[in-house]
There are 2 protein chains.
Amino acid sequence: MDTDWLSEDEEQAWRAFRRLLVALPARIGRDLARDSGLSAADYEVLSTLSEKPDRRWPLKELAAKMEWSRSRLSHHAARMQGRGLIDKEPDPQDARGCLLHLTDDGFAVLEQAAPHHVVSVRSRFLEHVSADELAMLRRLSTRIADLPD
Amino acid sequence: MDTDWLSEDEEQAWRAFRRLLVALPARIGRDLARDSGLSAADYEVLSTLSEKPDRRWPLKELAAKMEWSRSRLSHHAARMQGRGLIDKEPDPQDARGCLLHLTDDGFAVLEQAAPHHVVSVRSRFLEHVSADELAMLRRLSTRIADLPD
DNA sequence: TACATTTCGTTGACATGTCATCAAGACCTC
DNA sequence: GAGGTCTTGATGACATGTCAACGAAATGTA
(Lines give C-alpha, C1' and ligand atoms only; values in the text may rest on other atoms or scores of the structure.)
Protein backbone atom coordinates (compact mmCIF):
# COMPACT_ATOMS: atom_id res chain seq x y z
CA MET A 1 0.00 0.00 0.00
CA ASP A 2 1.16 3.50 -0.77
CA THR A 3 1.55 5.11 2.61
CA ASP A 4 2.47 8.47 1.14
CA TRP A 5 -0.94 9.42 -0.13
CA LEU A 6 -4.55 8.33 -0.14
CA SER A 7 -6.11 6.13 -2.81
CA GLU A 8 -9.05 7.52 -4.72
CA ASP A 9 -11.46 5.50 -2.58
CA GLU A 10 -9.85 6.56 0.66
CA GLU A 11 -9.78 10.17 -0.44
CA GLN A 12 -13.47 10.21 -1.37
CA ALA A 13 -14.53 8.42 1.78
CA TRP A 14 -12.47 10.70 3.98
CA ARG A 15 -13.92 13.77 2.26
CA ALA A 16 -17.48 12.54 2.64
CA PHE A 17 -16.92 11.65 6.26
CA ARG A 18 -15.41 15.04 7.03
CA ARG A 19 -18.47 16.71 5.58
CA LEU A 20 -20.61 14.66 7.94
CA LEU A 21 -18.34 15.47 10.87
CA VAL A 22 -19.05 19.14 10.33
CA ALA A 23 -22.63 19.16 9.07
CA LEU A 24 -24.33 16.79 11.49
CA PRO A 25 -23.36 18.47 14.77
CA ALA A 26 -24.08 21.87 13.21
CA ARG A 27 -27.61 20.87 12.22
CA ILE A 28 -28.47 19.20 15.49
CA GLY A 29 -26.97 22.13 17.37
CA ARG A 30 -29.08 24.60 15.42
CA ASP A 31 -32.22 22.58 16.10
CA LEU A 32 -31.41 22.55 19.79
CA ALA A 33 -30.81 26.30 19.93
CA ARG A 34 -34.01 27.00 18.02
CA ASP A 35 -36.22 24.60 20.00
CA SER A 36 -34.83 25.11 23.47
CA GLY A 37 -32.29 27.94 23.58
CA LEU A 38 -29.55 25.51 24.51
CA SER A 39 -26.19 24.82 22.91
CA ALA A 40 -25.05 21.23 22.44
CA ALA A 41 -22.60 21.84 25.28
CA ASP A 42 -25.40 23.09 27.55
CA TYR A 43 -27.47 20.02 26.75
CA GLU A 44 -24.60 17.68 27.49
CA VAL A 45 -24.00 19.28 30.88
CA LEU A 46 -27.68 19.23 31.82
CA SER A 47 -28.31 15.67 30.70
CA THR A 48 -25.19 14.33 32.36
CA LEU A 49 -26.05 16.07 35.62
CA SER A 50 -29.55 14.63 35.47
CA GLU A 51 -28.18 11.09 35.45
CA LYS A 52 -27.32 11.30 39.16
CA PRO A 53 -30.28 10.86 41.54
CA ASP A 54 -29.34 13.99 43.51
CA ARG A 55 -28.45 15.91 40.33
CA ARG A 56 -24.99 16.74 41.68
CA TRP A 57 -21.50 15.97 40.42
CA PRO A 58 -18.09 17.14 41.52
CA LEU A 59 -16.79 19.37 38.74
CA LYS A 60 -13.74 17.19 38.29
CA GLU A 61 -15.81 14.05 37.80
CA LEU A 62 -18.28 15.71 35.47
CA ALA A 63 -15.42 17.02 33.36
CA ALA A 64 -13.86 13.54 33.20
CA LYS A 65 -17.18 11.92 32.29
CA MET A 66 -17.74 14.39 29.44
CA GLU A 67 -14.06 14.37 28.42
CA TRP A 68 -13.84 18.14 28.92
CA SER A 69 -10.99 20.06 30.52
CA ARG A 70 -11.71 21.41 34.01
CA SER A 71 -11.07 24.89 32.63
CA ARG A 72 -13.67 24.48 29.95
CA LEU A 73 -16.26 23.17 32.36
CA SER A 74 -15.46 25.89 34.89
CA HIS A 75 -16.02 28.60 32.27
CA HIS A 76 -19.12 26.93 30.93
CA ALA A 77 -20.61 26.25 34.36
CA ALA A 78 -20.16 29.92 35.29
CA ARG A 79 -22.18 30.92 32.25
CA MET A 80 -24.87 28.33 32.93
CA GLN A 81 -25.05 29.45 36.53
CA GLY A 82 -25.64 32.98 35.32
CA ARG A 83 -28.66 31.66 33.42
CA GLY A 84 -29.94 29.79 36.47
CA LEU A 85 -29.59 26.34 34.90
CA ILE A 86 -27.14 25.05 37.49
CA ASP A 87 -25.77 25.91 40.96
CA LYS A 88 -22.35 25.62 42.48
CA GLU A 89 -22.04 24.16 45.98
CA PRO A 90 -19.00 23.51 48.15
CA ASP A 91 -17.91 19.88 48.14
CA PRO A 92 -18.20 18.49 51.68
CA GLN A 93 -15.58 15.86 50.84
CA ASP A 94 -12.96 18.27 49.52
CA ALA A 95 -12.77 21.95 50.36
CA ARG A 96 -10.94 22.67 47.09
CA GLY A 97 -13.68 21.20 44.99
CA CYS A 98 -17.23 22.12 44.16
CA LEU A 99 -20.37 20.29 43.24
CA LEU A 100 -22.36 21.28 40.19
CA HIS A 101 -26.06 20.94 40.83
CA LEU A 102 -28.86 20.90 38.29
CA THR A 103 -31.46 23.44 39.45
CA ASP A 104 -35.21 22.87 39.14
CA ASP A 105 -35.22 25.44 36.34
CA GLY A 106 -32.40 23.62 34.61
CA PHE A 107 -34.20 20.32 34.96
CA ALA A 108 -37.38 21.83 33.56
CA VAL A 109 -35.48 23.20 30.56
CA LEU A 110 -33.92 19.79 29.98
CA GLU A 111 -37.29 18.04 30.19
CA GLN A 112 -38.70 20.45 27.65
CA ALA A 113 -35.68 20.13 25.38
CA ALA A 114 -35.25 16.35 25.39
CA PRO A 115 -38.16 15.27 23.16
CA HIS A 116 -37.35 17.92 20.56
CA HIS A 117 -33.74 16.83 20.62
CA VAL A 118 -34.74 13.21 20.08
CA VAL A 119 -36.82 14.22 17.08
CA SER A 120 -33.85 16.13 15.75
CA VAL A 121 -31.42 13.22 16.16
CA ARG A 122 -33.93 10.92 14.50
CA SER A 123 -34.78 13.12 11.56
CA ARG A 124 -31.23 14.26 10.89
CA PHE A 125 -29.48 10.97 11.50
CA LEU A 126 -31.11 7.78 12.76
CA GLU A 127 -33.93 7.69 10.23
CA HIS A 128 -31.41 7.55 7.43
CA VAL A 129 -29.31 4.72 8.81
CA SER A 130 -30.27 1.03 8.64
CA ALA A 131 -29.92 -1.25 11.65
CA ASP A 132 -26.89 -2.93 10.08
CA GLU A 133 -25.26 0.38 9.33
CA LEU A 134 -25.92 1.59 12.85
CA ALA A 135 -24.37 -1.52 14.35
CA MET A 136 -21.34 -1.16 12.13
CA LEU A 137 -21.03 2.52 12.91
CA ARG A 138 -21.16 1.83 16.61
CA ARG A 139 -18.40 -0.81 16.44
CA LEU A 140 -16.26 1.40 14.25
CA SER A 141 -16.77 4.48 16.40
CA THR A 142 -15.92 2.67 19.59
CA ARG A 143 -12.86 1.06 18.05
CA ILE A 144 -11.46 4.35 16.82
CA ALA A 145 -12.46 6.57 19.73
CA ASP A 146 -10.87 4.05 22.11
CA LEU A 147 -7.47 4.37 20.44
CA PRO A 148 -4.88 6.15 22.57
CA ASP A 149 -4.80 9.92 22.18
CA MET B 1 -41.31 2.43 16.73
CA ASP B 2 -41.24 4.69 19.77
CA THR B 3 -40.53 8.11 18.38
CA ASP B 4 -40.35 9.71 21.79
CA TRP B 5 -37.10 8.25 22.87
CA LEU B 6 -34.15 6.21 21.65
CA SER B 7 -33.90 2.45 21.95
CA GLU B 8 -30.96 1.04 23.86
CA ASP B 9 -29.18 0.24 20.59
CA GLU B 10 -29.81 3.65 19.14
CA GLU B 11 -28.71 5.34 22.33
CA GLN B 12 -25.47 3.39 22.52
CA ALA B 13 -24.67 3.90 18.86
CA TRP B 14 -25.40 7.61 19.04
CA ARG B 15 -23.22 7.97 22.13
CA ALA B 16 -20.33 6.11 20.53
CA PHE B 17 -20.64 8.10 17.32
CA ARG B 18 -20.68 11.40 19.21
CA ARG B 19 -17.45 10.44 20.94
CA LEU B 20 -15.90 9.83 17.54
CA LEU B 21 -17.25 13.12 16.22
CA VAL B 22 -15.34 14.95 18.93
CA ALA B 23 -12.24 12.82 19.36
CA LEU B 24 -11.18 12.21 15.76
CA PRO B 25 -10.99 15.84 14.57
CA ALA B 26 -9.32 16.80 17.85
CA ARG B 27 -6.57 14.19 17.43
CA ILE B 28 -5.92 14.92 13.78
CA GLY B 29 -5.96 18.63 14.51
CA ARG B 30 -3.40 18.22 17.28
CA ASP B 31 -1.14 16.18 15.00
CA LEU B 32 -1.38 18.88 12.36
CA ALA B 33 -0.55 21.68 14.78
CA ARG B 34 2.38 19.73 16.19
CA ASP B 35 3.83 18.62 12.84
CA SER B 36 3.23 21.76 10.80
CA GLY B 37 1.92 24.61 12.96
CA LEU B 38 -1.35 24.61 11.05
CA SER B 39 -4.91 24.32 12.27
CA ALA B 40 -7.33 22.05 10.43
CA ALA B 41 -8.98 25.21 9.07
CA ASP B 42 -5.62 26.50 7.81
CA TYR B 43 -4.95 23.19 6.10
CA GLU B 44 -8.32 23.17 4.43
CA VAL B 45 -7.81 26.66 3.05
CA LEU B 46 -4.31 25.90 1.79
CA SER B 47 -5.19 22.58 0.21
CA THR B 48 -8.32 23.91 -1.47
CA LEU B 49 -6.42 26.89 -2.88
CA SER B 50 -3.75 24.54 -4.20
CA GLU B 51 -6.32 22.70 -6.31
CA LYS B 52 -6.49 25.57 -8.82
CA PRO B 53 -3.57 25.75 -11.28
CA ASP B 54 -3.05 29.46 -10.58
CA ARG B 55 -3.60 28.97 -6.82
CA ARG B 56 -6.28 31.66 -6.81
CA TRP B 57 -9.97 31.59 -5.84
CA PRO B 58 -12.51 34.35 -5.41
CA LEU B 59 -13.28 34.48 -1.69
CA LYS B 60 -16.94 33.88 -2.38
CA GLU B 61 -16.28 30.71 -4.32
CA LEU B 62 -13.73 29.37 -1.88
CA ALA B 63 -16.19 29.90 0.96
CA ALA B 64 -18.90 28.07 -0.97
CA LYS B 65 -16.57 25.20 -1.84
CA MET B 66 -15.57 24.76 1.80
CA GLU B 67 -19.10 25.42 3.07
CA TRP B 68 -17.85 28.31 5.22
CA SER B 69 -19.53 31.67 5.67
CA ARG B 70 -17.90 34.58 3.87
CA SER B 71 -17.41 36.22 7.25
CA ARG B 72 -15.54 33.25 8.62
CA LEU B 73 -13.30 33.03 5.59
CA SER B 74 -12.68 36.77 5.62
CA HIS B 75 -11.56 36.65 9.25
CA HIS B 76 -9.50 33.53 8.71
CA ALA B 77 -7.90 34.79 5.51
CA ALA B 78 -6.84 37.98 7.28
CA ARG B 79 -5.05 35.93 9.92
CA MET B 80 -3.42 33.68 7.32
CA GLN B 81 -2.33 36.72 5.33
CA GLY B 82 -0.68 38.04 8.48
CA ARG B 83 1.35 34.83 8.58
CA GLY B 84 2.29 35.11 4.91
CA LEU B 85 0.47 31.94 3.87
CA ILE B 86 -1.87 33.66 1.45
CA ASP B 87 -2.32 37.00 -0.39
CA LYS B 88 -5.36 39.04 -1.22
CA GLU B 89 -5.69 40.45 -4.73
CA PRO B 90 -8.40 42.55 -6.32
CA ASP B 91 -10.75 40.52 -8.51
CA PRO B 92 -10.46 41.80 -12.12
CA GLN B 93 -13.96 40.45 -12.82
CA ASP B 94 -15.68 42.19 -9.90
CA ALA B 95 -14.34 45.23 -8.06
CA ARG B 96 -16.24 44.27 -4.91
CA GLY B 97 -14.59 40.90 -4.71
CA CYS B 98 -11.10 39.68 -4.00
CA LEU B 99 -9.01 36.71 -4.97
CA LEU B 100 -7.25 34.67 -2.34
CA HIS B 101 -3.89 33.51 -3.57
CA LEU B 102 -1.70 30.80 -2.12
CA THR B 103 1.80 32.30 -1.69
CA ASP B 104 4.98 30.36 -2.37
CA ASP B 105 5.54 30.23 1.37
CA GLY B 106 2.02 28.93 1.88
CA PHE B 107 2.53 26.32 -0.79
CA ALA B 108 5.82 25.25 0.78
CA VAL B 109 4.13 24.89 4.17
CA LEU B 110 1.37 22.81 2.61
CA GLU B 111 3.87 20.58 0.82
CA GLN B 112 5.69 20.00 4.07
CA ALA B 113 2.47 19.38 5.98
CA ALA B 114 0.70 17.04 3.59
CA PRO B 115 2.67 13.81 4.09
CA HIS B 116 2.51 14.16 7.88
CA HIS B 117 -1.20 14.79 7.64
CA VAL B 118 -1.68 11.68 5.51
CA VAL B 119 0.17 9.61 8.09
CA SER B 120 -2.05 11.09 10.77
CA VAL B 121 -5.30 10.34 8.92
CA ARG B 122 -4.08 6.81 8.27
CA SER B 123 -2.90 6.01 11.75
CA ARG B 124 -5.83 7.60 13.54
CA PHE B 125 -8.57 6.50 11.16
CA LEU B 126 -8.07 4.63 7.90
CA GLU B 127 -5.87 1.86 9.31
CA HIS B 128 -8.66 0.86 11.64
CA VAL B 129 -11.42 0.66 9.06
CA SER B 130 -11.89 -2.23 6.63
CA ALA B 131 -12.60 -1.62 2.95
CA ASP B 132 -16.23 -2.67 3.43
CA GLU B 133 -16.65 -0.39 6.39
CA LEU B 134 -15.09 2.48 4.52
CA ALA B 135 -17.43 2.00 1.57
CA MET B 136 -20.43 1.87 3.86
CA LEU B 137 -19.26 4.90 5.79
CA ARG B 138 -18.84 6.84 2.59
CA ARG B 139 -22.36 6.03 1.36
CA LEU B 140 -23.84 6.79 4.74
CA SER B 141 -21.94 10.05 5.12
CA THR B 142 -22.91 11.28 1.70
CA ARG B 143 -26.54 10.33 2.22
CA ILE B 144 -26.81 12.20 5.51
CA ALA B 145 -24.65 15.19 4.66
CA ASP B 146 -26.67 15.68 1.48
CA LEU B 147 -29.92 16.05 3.41
CA PRO B 148 -31.34 19.57 3.36
CA ASP B 149 -30.08 21.83 6.13
C1' DT C 1 4.83 17.90 62.83
C1' DA C 2 6.98 20.33 58.91
C1' DC C 3 7.68 20.75 54.21
C1' DA C 4 7.44 19.55 49.36
C1' DT C 5 4.39 17.97 45.86
C1' DT C 6 0.05 17.32 43.67
C1' DT C 7 -4.64 18.39 42.69
C1' DC C 8 -8.68 21.47 42.39
C1' DG C 9 -11.22 25.13 40.32
C1' DT C 10 -10.56 29.91 38.69
C1' DT C 11 -8.77 33.33 36.00
C1' DG C 12 -6.93 36.16 32.11
C1' DA C 13 -4.95 36.33 27.59
C1' DC C 14 -5.74 34.77 23.39
C1' DA C 15 -7.67 32.19 19.01
C1' DT C 16 -11.54 31.24 16.53
C1' DG C 17 -16.41 31.14 15.09
C1' DT C 18 -21.25 33.52 14.77
C1' DC C 19 -24.21 37.23 13.78
C1' DA C 20 -25.72 41.82 12.38
C1' DT C 21 -24.32 45.73 10.00
C1' DC C 22 -22.01 48.48 6.60
C1' DA C 23 -19.93 50.74 2.32
C1' DA C 24 -18.89 49.85 -2.25
C1' DG C 25 -19.93 47.92 -6.44
C1' DA C 26 -22.88 45.08 -9.65
C1' DC C 27 -27.28 44.26 -11.50
C1' DC C 28 -32.13 45.10 -13.05
C1' DT C 29 -35.93 47.43 -14.64
C1' DC C 30 -37.98 51.21 -16.38
C1' DG D 1 -28.78 56.04 -17.58
C1' DA D 2 -31.17 56.62 -13.14
C1' DG D 3 -32.80 54.61 -9.23
C1' DG D 4 -33.75 50.86 -6.40
C1' DT D 5 -32.08 46.30 -4.99
C1' DC D 6 -28.86 42.61 -4.30
C1' DT D 7 -24.15 40.93 -3.54
C1' DT D 8 -19.44 41.16 -1.75
C1' DG D 9 -16.09 41.32 1.73
C1' DA D 10 -14.90 43.83 6.05
C1' DT D 11 -15.83 44.83 10.61
C1' DG D 12 -17.15 44.92 15.62
C1' DA D 13 -19.58 42.77 19.34
C1' DC D 14 -20.04 38.69 21.34
C1' DA D 15 -19.83 33.43 22.64
C1' DT D 16 -16.98 29.77 23.30
C1' DG D 17 -12.76 27.06 23.57
C1' DT D 18 -7.47 26.60 24.68
C1' DC D 19 -3.50 27.31 27.41
C1' DA D 20 -0.60 28.79 31.23
C1' DA D 21 -0.44 30.54 35.71
C1' DC D 22 -2.34 30.94 40.23
C1' DG D 23 -4.01 30.39 45.32
C1' DA D 24 -5.93 27.14 48.28
C1' DA D 25 -6.36 22.70 49.99
C1' DA D 26 -5.06 17.78 50.10
C1' DT D 27 -1.56 14.39 50.14
C1' DG D 28 3.04 12.25 50.67
C1' DT D 29 7.33 12.02 53.08
C1' DA D 30 10.90 13.10 56.17
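This is a short tour of the structure, one selection at a time.

Before you click: this is a predicted model, where local features need pLDDT of at least 70, side-chain atom pairs count only at pLDDT 80 or more, and totals for chains, interfaces and linings use all residues. Residues are numbered from 1 along each chain as its sequence is written, chains are lettered from A and ligands numbered from 1 in the order in which they are written, and side-chain values use heavy atoms, with hydrogens and water left out.

**Stop 1: where the chains meet**

Colour chain A and chain B separately. The contact (heavy atoms within 4.5 Å) takes 50 residues from chain A and 50 residues from chain B. Together they bury about 5100 Å², with 64% of that coming from carbon and sulfur atoms; buried area is the accessible area (1.4 Å probe) that two parts lose on being put together, summed over both.

Now pick R30(A) and D149(B): their side chains form a salt bridge at 3.4 Å, N to O. The rule (a side-chain nitrogen of Lys or Arg within 4 Å of a carboxyl oxygen of Asp or Glu) finds 14 salt bridges across this interface.

Which elements of chain A give two or more residues to the side that touches chain B? Select α1 (8-36), α5 (104-124) and α6 (131-145) of chain A. Helices here are DSSP runs (H or I, at least four residues), numbered from the N terminus. The largest share, 16 residues, comes from α1(A).

**Stop 2: R27(A)**

Stay on helix α1 of chain A and click R27(A). Is R27(A) buried or exposed? R27(A) counts as buried because its relative accessibility is 6%, and buried means under 20% relative accessible area (1.4 Å probe, protein chains only). Leaving aside neighbours within four places in sequence, R27(A) is in contact with R124(A) and, over in chain B, residues including I144(B) and D149(B).

**Stop 3: the nonpolar core**

A nonpolar core is a set of buried Ala, Val, Leu, Ile, Met, Phe, Trp, Tyr and Cys residues joined through side-chain atoms within 4.5 Å. The largest one has 36 residues, and F17(A), F125(A), F17(B) and F125(B) have the most contacts inside it. Zoom in on F17(A): not counting residues up to four places away in sequence, the residues it touches include F17(B), L20(B) and F125(B).

**Stop 4: Y43(A)**

Finally, go to helix α2 (residues 40-49) of chain A and select Y43(A). Y43(A) is buried too, at 10% relative accessible area. Beyond four places in sequence, Y43(A) touches residues including L32(A), A114(A) and H117(A).

Technical notes. Buried means under 20% relative accessible area, exposed over 50%, partly exposed in between (1.4 Å probe, protein chains only).
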